Amino acid sequence: MKSTTMPWFETLTDSVAALGTAAQEARAAHHAAQAAGTQFKFDRLRHVVGAIADPCQPSAVTDRPHDRALLAIVASHLAHESRMAELYDDAAAAYAFGAAWALLRVLNGQQPPLVELSRQADGRTAIPDELFPVPPAFKGLDTWDGRQQFEQAREELDRVGDLWAYVRGLDQPDVPDTFDLGDVNEKLAAAPNAAFAYGQLAESALAFALLDRRRPHRR
């Protein structure tokens, strides 16, 4: 009778895939929140200036219902977009560094059944120490046809992700003096997308690295 227990490489693959799907969903939710918010930017709307009076208030006090509604809608959209941005930021980090964590261990001959990621006190993903602030260039992927693209994704994450890692409070509470603060906003905005793209390629690299581990189980 065959064992129904899944081998470690299957559960590890599922673990990384779950991180990827979570990041993809968060990314879509963030984009949807951004798109919804643009529909209610004040400079794109025609204001109706009509006012109403409240009989319980002094006669000089009026209320503009259109402005009141717009303010409430815009505030709600901004809060939602900010929340979705935070969710995508964390999901992308978990995907990139979770996939890199798994790949590093497989290439080192280990057999982890699941990705291991800790969380900070505020609930955000903590980057593993050996991967902070950016995963290293991995050895053992020389024959993989995605190696060059993977390295390019790592370089892009390195370009924008080191500052991102520090600002997210994953290691040090203060931004090091060596950072050029002139391009902080550009880098912080680009970092989640860079992490997501890196995670996708790290997941593919993991699938390649696991090929030899799968062969004995196919006999």
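## Aromatic pairs

Six aromatic pairs turn up in this structure, which is a predicted model. One of them brings together Phe138 and Phe150, a stacked pair with 6.1 Å from centre to centre and 5° between the planes. This pair ties together distant parts of the chain: Phe138 sits in the loop between helix H2 (65-107) and helix H3 (147-167), while Phe150 belongs to helix H3, twelve residues apart. Phe138 and Phe150 are both buried.

Phe150 has another partner in Trp144, and here the arrangement is edge-to-face, at 5.8 Å centre to centre with 70° between the planes.

Now for the wider group.

## The largest pocket

How much space lies in the largest pocket? About 580 Å³. Its lining counts 31 residues, and those closest to the pocket centre are Glu86, Leu87, Asp89, Asp90 and Ala91.

Which elements give two or more residues to that lining? They are helix H1 (8-38), H2 and helix H4 (184-209). H2 supplies the largest share, with eleven residues. Sorted by class, the lining of the largest pocket is made up of 14 nonpolar, nine polar and eight charged residues.

Key
Residues numbered from 1 in each chain as written. Predicted model: local features only at pLDDT ≥ 70, side-chain atom pairs only at ≥ 80, totals over all residues. Heavy atoms only, no water. Phe/Tyr/Trp six-rings, centres within 6.5 Å; stacked < 30°, edge-to-face > 60°. Helix = DSSP H or I, 4+ residues; strand = E, 2+ residues; numbered from the N terminus. Buried < 20%, exposed > 50% of the residue type's maximum accessible area, 1.4 Å probe, protein only. 1 Å grid on protein atoms, 1.4 Å probe; cavity = no way out; pocket = protein on both sides within 12 Å on 5 of 7 lines; lining within 4 Å. Points joined across faces, edges and corners; volume = space filled by probe spheres on them. Nonpolar A, V, L, I, M, F, W, Y, C, P; charged D, E, K, R; others polar.
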